[in-house]
Amino acid sequence: MAKVRQKTKASKGKQKLTESQIAVHWKEEEYFHPSKKFIAQANLNDPSFAKKFSEKNFPKCFDHYASLLDWDKPWRKTLDTSNPPFWKWFVGGKLNACYNCVDRHLAKYKNGANCAGYTLWLPEQYPTECRASA
């Protein structure tokens with residue numbers, strides 16, 4: 001019985017898939033359409049938006065939305081596919097994610113009732129000491 005197990009393990013280890021056998025599965029060919037009820041409750045149900053992001057417009061369709069962010073240095077190329085699967089988005093561009101997510105919105109709420117411009121600092125021994133600064 002032990003010899004059979006060893007033989008099974010060895011045969012499993014020898015089986016290798018070629019790149020072409022794996023590549024067959026890279027493109028999904030079966031579609032599963034959502035129900036009408038699911039589509040009705042979806043946040044994004046505008047067909048024109050889906051068309052804008054169709055494969056025909058890929059990857060340039062992302063340029064408009066990337067331009068809504070504040071960039072320290074603009075990108076030269078939207079998508080670099082020269083080294084798959086290690087694709088690079090917005091090649092040459094540089095941005096500060098924290099600035100885009102938080103800081104650029106502070107002027108709108110400065111000294112307002114909905115002021116979100118504060119820092120909450122929690123020391124290691126929280127809750128013995130807690131400081132907030134605006």
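**Close-up 1. Aspartate 70 and its partner, arginine 104.** Aspartate 70 is partly exposed, with a relative accessible area of 33%. This view, like the others here, comes from a predicted model. Look for the salt bridge that joins aspartate 70 to arginine 104, where the closest N and O atoms are 3.5 Å apart. The two residues belong to distant parts of the chain, 34 residues apart. Aspartate 70 sits in the loop between α5 (61–67) and β1 (71–73), while arginine 104 lies in the loop between α6 and α7 (106–109). Arginine 104 is likewise partly exposed, at a relative accessible area of 28%.

Close-up 2. Is asparagine 100 buried or exposed? Its relative accessibility is 6%, so asparagine 100 counts as buried, the cut-off being under 20%. Leaving aside residues up to four places away in sequence, asparagine 100 touches Leu69, Asp70, Leu95 and His105.

**Close-up 3. The salt bridge between lysine 60 and aspartate 63.** The model has 2 salt bridges by the rule used here, and this view shows the one formed by lysine 60 and aspartate 63. Their closest N and O atoms are 3.7 Å apart. How do the two partners compare in exposure? Lysine 60 is exposed, with a relative accessible area of 58%, whereas aspartate 63 counts as buried at 18% relative accessibility.

Technical notes: Residues are numbered from 1 along each chain as its sequence is written. This is a predicted model: local features need pLDDT of at least 70, side-chain atom pairs count only at pLDDT 80 or more; totals for chains, interfaces and linings use all residues. Side-chain values use heavy atoms; hydrogens and water are left out. Buried means under 20% relative accessible area, exposed over 50%, partly exposed in between (1.4 Å probe, protein chains only). Contact means heavy atoms within 4.5 Å. A salt bridge is a side-chain nitrogen of Lys or Arg within 4 Å of a carboxyl oxygen of Asp or Glu. Helices (H or I, at least four residues) and strands (E, at least two) are DSSP runs, numbered from the N terminus.
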